[in-house]
Amino acid sequence: MEGPSLSTLVDFAVDAAWQAGRLTLAYFQTCLTVEYKEDHSPVTIADRRAETLLRNLVGERFPDHALLGEEFGSVGGTAPYRWIIDPIDGTRSFVHGVPLYAVLIGLEVSGKPSVGVAYFPALDEMVWAANGMGCYWNGRRAHVSPQENLERSLLLATDTESFASQGKNDAYRRLVDRVAEHRTWGDAYGHILVATGRAEVMLDPVMESWDSAPLLPILQEAGGTFTDWRGVATIHGGDAISTNRHLFPEVMRLVAG
Ligand code: IPD
Ligand code: CA
Ligand code: CA
């Protein structure tokens, strides 16, 4: 298919994520009004303004591309290039003044997740990947950890309560009982910690496409796995598990029970 190169697309996405992230910092650790959406999740003017900026940047540069954003929905129908945007992932962290939040941008090319960018403005950590180009963390090549032993591994989750409501508490407990360490450094940051070799496994029982879109190329290009809870490499599975690949078979066996 004729079109912009992956390198052009990822350069654009890194710059767009940086701009949106900088915008969110103007609101970070201020007394922001928090509203609640129908699913009871929080949202702020920073989420909406960051998504508006990203939609404008994509619309100006790639007017024939489709786009799906968490706050304002879909445009562009079935165009072969589709940007998938979460303007602030980790809004709960953001509204509590905790720096573990990200701007997430993914790009599907003919349905295949091909580019991913996760920018953590309050940490100034930029992670990007594009299929065949590798994964980079603040300009350096990122790799998953070489750990092959689950008993020496660090397991992450977004929170401890959502497993029960999704019928996944037994699977979660089986994993917690095996690993060395367990922390809730969650949302996209947990997956990025796996991609950059700082943790071995990240579990999230509830994921929308915009939560997952950049993470699949990022984890795969860093040498890891990003799948749903059935082990399928997809951003549309409704849940997600990242691993350093060495531990993937064992993690999937424990998840399946
Ligand atoms: C949340 C994160 C989290 C997932 C939640 C999402 P948000 O995103 O992606 O990992 O478990 O379901 O709502 O609302 O902070 O963008
Ligand atoms: Ca999210
Ligand atoms: Ca969000």
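Some ground rules. This is a predicted model, where local features need pLDDT of at least 70 and side-chain atom pairs count only at pLDDT 80 or more, while totals for chains, interfaces and linings use all residues. Residues are numbered from 1 along each chain as its sequence is written, chains are lettered from A and ligands numbered from 1 in the order in which they are written, and side-chain values use heavy atoms, with hydrogens and water left out.

Helices and strands here are DSSP runs numbered from the N terminus, H or I of at least four residues for helices and E of at least two for strands. Helix H1, residues 6-25, packs on helix H2, residues 45-61, at an angle of about 150°, with the axes 9 Å apart. The axes are lines fitted to C-alpha atoms, over the stretch in contact for helices, and the angle runs from 0 to 180 degrees between N-to-C directions. So H1 is roughly antiparallel to H2, a label for angles over 145 degrees.

Which residues of H1 and H2 meet? From H1 there are Thr8, Phe12, Ala16, Ala17, Gln19, Ala20, Leu23 and Thr24, and from H2 Ala46, Arg49, Ala50, Leu53, Leu54, Leu57, Val58 and Arg61. Contact means heavy atoms within 4.5 Å.

Next, the cores. A nonpolar core is a set of buried Ala, Val, Leu, Ile, Met, Phe, Trp, Tyr and Cys residues joined through side-chain atoms within 4.5 Å; buried means under 20% relative accessible area, with a 1.4 Å probe and protein chains only. The largest has 33 residues, and Phe12, Leu54, Trp83, Phe94, Ile105, Leu107 and Val117 have the most contacts inside it. H1 supplies the largest share of this core, eight residues. Not counting residues up to four places away in sequence, Phe12 touches Leu57, Val58, Arg61, Phe62 and Trp83. A second, separate core of 32 residues includes Trp210, Ala213, Ala222 and Ala240.

Is helix H6, residues 188-195, largely enclosed or open? Eight of its eight residues are buried, so H6 is largely enclosed by the rest of the structure. Among them are Tyr189, His191 and Leu193. Just after H6, Gly197 takes a positive phi of about 80°.

Last, Arg55, which is found in H2. Arg55 is buried, at a relative accessible area of 17%. Leaving aside neighbours within four places in sequence, Arg55 is in contact with Leu67, Gly69, Phe72, Gly73, Ser74 and Val75.

Conventions
Parallel < 35°, antiparallel > 145°, perpendicular 65-115°, else oblique. Buried < 20%, exposed > 50% of the residue type's maximum accessible area, 1.4 Å probe, protein only.
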